[in-house]
Amino acid sequence: MVAPHLPLPIARPAVVADLRQAVLTLTEALDCVGVDDTHHGQRVAFMVMQLAGPAGLGPHARERLARAGLLHDCGVSSSSQRRGLLASGLHSTSDDHCERGARLVAGVPALENLAPLVLHHHTPWAVLERAQLSGEDALLANALFLCDRVDALRVTLRESGMHGDESLVLHALRRHRGDLFAPGLVDALHDIATPAFWDGQTPDALRAWWSAWLAQEACPIGTLEVRQLARLFAHVVDAKSHFTAEHSDGVARLSLLLAGELRLPAERRFRLEVAALLHDIGKLKVPDKLLDKPGPLDERERALVERHPTDTHALLSRIDGFSEIAVWAGLHHAGLNGSGYAFEGAPAELPLEARIISVADVFQALAQDRPYRPSLPPDRVVSMLWEDVRNQRLDGDVVEAAMRSPDRSWQAAVHARPARS
């Protein structure tokens with residue numbers, strides 16, 4: 001497989017973000033996968049951080065637990081899988097999402113030390129003791145398992161109308177002290193499980209808690225790490241449906257190719273790449289069945305799907321330094337003629353970067369297999385893009401840049417050579 005040619009090298013300007021803020025913000029999208037009860041990752045992270053001190057773990061371990069708690073379910077994109085994990089009680093041994101999540105965080109150097117924790121966050125203590133892990137990693141992974149199951153049990157209690165009776169949760173944990181969970185962790189949880197501990201997990205209390213966490217010493221990351229983090233979440237989004245596998249990667253590759261053709265400077269190309277990778281992060285709120293539906297959507301279903309650019313913009317705009325990225329990503333379904341859909345307060349004139357992502361998004365979708373039609377060849381994609389230009393939905397200059405070499409654009413969009421019609 002030959003990688004698509006890019007006409008200009010991608011320089012990496014010294015743009016930075018705060019790792020804590022980016023992780024906390026982006027993982028809020030993970031908490032919206034398949035459940036009405038959100039903040040699962042934030043609650044788990046809060047609990048493991050509270051558990052760290054009584055369990056004899058130091059500040060470095062506590063920080064690892066915070067990030068691992070927020071990201072532990074990054075291998076879950078499916079609504080049905082998330083619901084199944086939360087409904088499985090104490091004995092969840094599903095490890096496919098653990099393995100996938102570990103691979104994802106291992107791809108981000110700033111987060112790679114979380115990989116063993118994510119990999120083993122459903123591994124029983126009796127098994128962990130025999131695994132090839134350091135003693136601290138085994139304990140941290142088991143702390144994640146413990147708090148993840150605590151939250152799952154509490155969700156089950158809420159859904160059964162028994163909200164507030166956490167003594168049932170603690171009793172269930174005690175029965176598995178030593179086999180599923182490390183004895184010291186179970187004992188430490190019992191010591192800290194006061195009313196204030198449970199009350200600290202309400203949405204308002206969590207918001208205040210995480211604001212204080214962000215106010216601590218900054219954790220700056222450079223452009224390479226920002227791109228790697230964006231790619232991690234792009235993979236989470238694209239895994240939501242097998243029809244959208246590598247969609248965000250393809251949009252980013254084609255956007256970079258078009259940016260090179262249009263001679264955008266390096267810093268704008270870097271921000272464009274991040275925006276393209278994250279343009280669909282709002283789709284994590286969309287039910288899987290709508291993305292995979294082979295027929296037309298009804299009015300209610302279409303409204304749910306069409307709000308994802310607004311959710312994308314709302315999420316990304318909360319990351320310091322991402323204001324332009326949020327706008328470009330949030331406008332990827334807005335047409336030049338005012339058609340499509342955009343977030344409230346969007347600029348009247350679409351920025352060039354948003355126009356590039358729009359073209360790349362349409363091109364990639366047409367070139368990829370979808371539930372309602374097979375992949376289209378380059379000549380058919382070209383025809384449909386020019387129709388959108390005539391309707392003043394897409395930018396003709398950007399489409400012309402894509403058409404200078406349709407095969408090369410097609411290859412960038414799907415990372416494969418085009419099939420001939």
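A residue is called buried here when its relative accessible area is under 20%, exposed when that area is over 50%, and partly exposed in between, with a 1.4 Å probe and protein chains only. The structure is a predicted model, in which local features need pLDDT of at least 70 and side-chain atom pairs count only at pLDDT 80 or more, while totals for chains, interfaces and linings use all residues. Residues are numbered from 1 along each chain as its sequence is written, and side-chain values use heavy atoms, with hydrogens and water left out.

The chain holds 23 helices and two strands, where helices (H or I, at least four residues) and strands (E, at least two) are DSSP runs numbered from the N terminus. Of its 421 residues, 56% are buried. The chain exposes about 17300 Å², of which carbon and sulfur atoms supply 53%, as given by the Shrake-Rupley method with a 1.4 Å probe. Taking contact to mean heavy atoms within 4.5 Å, residues 24 or more positions apart account for 73% of the contacts with a separation of 6 or more.

Helix α3, residues 59–71, reaches 19 Å from its first C-alpha to its last, close to the 18 Å expected at 1.5 Å a residue, the expected span being 1.5 Å times one less than the number of residues. Ten of the 13 residues of α3 are buried, so this helix is largely enclosed by the rest of the structure; among the buried ones are E63, R64 and R67, together with L65, L70 and L71.

In the loop between α6 (115–119) and α7 (125–128) lies H120, which counts as buried because its relative accessibility is 17%. Leaving aside residues up to four places away in sequence, H120 touches L128, L133 and A141.

Further along, helix α15 (residues 266–278) is mostly covered, with ten of its 13 residues buried, including R269, F270, R271 and E273. The elements that cover these buried residues include α13, α14, α18 (308–316), α19 (323–330) and α20 (352–367).

Two of those covering helices also meet each other: the axes of α13 (residues 223–238) and α14 (residues 247–261) come within 7 Å and cross at roughly 130 degrees, which makes α13 oblique to α14. Axes are lines fitted to C-alpha atoms, for helices over the stretch in contact, and angles run from 0 to 180 degrees between N-to-C directions; angles under 35 degrees count as roughly parallel, over 145 as roughly antiparallel, 65 to 115 as roughly perpendicular and the rest as oblique. The contact is made by R231, A234, H235 and D238 of α13 with H247, S248 and D249 of α14.
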